Amino acid sequence: MTIYPQSMPQVTVLVAVWNTADYLPQCLDSLMHQTLRDIQVVCVDDASTDGSLDVLRRYEALDDRIEVIALSRNQGQAHARNVGLQQAKGAYICFLDSDDWMADDCLERAVEVFSAHQQTGCVLFHTLYYYGPTRQDEFPMPAFDVLSGRDAFVASLTWQIHGVYMARADIHRRYPYDESTHAFGDDNTTRLHYLASAEVRSCPGTYYYRQRAMSVSHQFSLRRFDYLLANLSMKRQLDGLHVEEEVLNLYENHRWLNVVDMYMLWFKHGHQLAADDRCKALLMVRRSWQTIEVWRLKPSLRRKFGYAPLAGHWRLFLLQERAYFCLHRLLRRL
């Protein structure tokens, strides 16, 4: 085992693991090789069934900066990260998905930004989508030096800026990972971290984000509709924080567009679901539609064909959407 001097680490990296044994060595090697040596790596195995825990134990024996926690049952990425968060000792905290990896200087470059700018709450990594050895695409984010936390929050609503970053520990502990849904809750956590920051900056440290066809965001299943539940959870958290009305209005407009988009997804691909799941998915859309605060929506959106909420008239709303989708499809063929 490589033994490092015992001290409070500068950075804690949270690694939630579920059935990624084939990718874990690259992930953990990238952390062991970081130019910033003063780190803590908390790996939480979420009841993997593929040998991931064996890989973790092997690396734990090699490097005393790596700590492994094994959960007895699968409860999702957000829960696993929160378990790791309870053990975090670093001044700064970030995550590394267990099928991703970092450039050797990634953590050091982020800490340099924090050290130079005491008001900075979050630092975004330079992020590359990795599709394979022959294709790596840069996340299409406009270059920026500094954003206010509010501006970063607004930009994150449509992912003009991404959610791969390091945060000060006090912000991370104040807003742990959202466990309201099995998937997509990390979007909420990211946005709350940005909103809580006086400043948000970026750094040149590179995070390699592997794109896999088996991930939740690339599959069509009932779980895709958890996105609506995550959106509702975010709205409730913003209400509880008593944020300014303009922020609530911005988010409610964003949430409404997602309701329309998710119904479109159901309309186009719902036949791929089992009958029971198809009904559950539509019910999730309807419940989100019912919770929209229509008065917060832009007047132009409320009047727009295909986007008018028609509150209290579910069947009329469905009729409008189907007509809109069919018309849109027809116009695309002309």
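The entries run from the whole chain down to single residues.

**Ground rules.** I am working with a predicted model, where local features need pLDDT of at least 70, side-chain atom pairs count only at pLDDT 80 or more, and totals for chains, interfaces and linings use all residues. Residues are numbered from 1 along each chain as its sequence is written, and side-chain values use heavy atoms, with hydrogens and water left out.

**Overall.** I looked up the secondary structure and found 12 helices and 10 strands; these are DSSP runs numbered from the N terminus, helices being H or I with at least four residues and strands E with at least two. For 334 residues a compact globule would have a radius of gyration near 20 Å, and the 21 Å of the protein agrees with that. I note that this radius is taken over C-alpha atoms, and that the globule rule is 2.2 Å times the number of residues to the power 0.38. Along the principal axes, the C-alpha atoms fill a box of roughly 65 × 45 × 40 Å. I find that 51% of the 334 residues count as buried (under 20% relative accessible area, with exposed over 50% and partly exposed in between; 1.4 Å probe, protein chains only). Among contacts between residues at least 6 apart in sequence, 77% join residues at least 24 apart; contact means heavy atoms within 4.5 Å.

**Rings.** How many aromatic pairs does the structure hold? I get 23, counting rings of Phe, Tyr and Trp (its six-membered ring) with centres within 6.5 Å; planes under 30 degrees apart are stacked, over 60 edge-to-face and the rest tilted. Phe-125 and Tyr-207 are a stacked pair, 6.4 Å centre to centre with 20° between the planes. Phe-125 is in strand 6 (residues 120–132) and Tyr-207 in strand 10 (residues 199–210), so this pair ties together parts 82 residues apart in sequence. Both Phe-125 and Tyr-207 are buried. I then turned to Tyr-307 and Tyr-324, which pair edge-to-face at 5.7 Å centre to centre and 70° between the planes. Tyr-307 is in the loop between helix 11 (299–302) and helix 12 (314–333), while Tyr-324 is in helix 12, 17 residues apart. Tyr-307 and Tyr-324 are both buried, and they belong to one aromatic cluster whose members include Trp-256, Trp-289 and Phe-325.

**Charges over rings.** The charged end of Arg-81 sits over the ring of Tyr-177, 5.0 Å from its centre, and Arg-135 lies over the face of Tyr-131 at 3.8 Å from the ring centre. My cut-off is NZ of Lys or CZ of Arg within 6 Å of the ring centre and within 35 degrees of the ring normal.

**Helix 7.** I see 9 of its 11 residues buried, so helix 7 is mostly covered. His-193 is in this helix (residues 185–195) and is buried, with a relative accessible area of 0%. Beyond residues up to four places away in sequence, His-193 touches Cys-122, Tyr-165, Ala-167, Ile-171, His-172 and Tyr-175.

**Arg-168.** Is Arg-168 buried or exposed? I find it buried, with a relative accessible area of 15%, and placed in strand 9 (residues 165–168). Its contacts, leaving aside neighbours within four places in sequence, include Tyr-92, Phe-114 and His-117.
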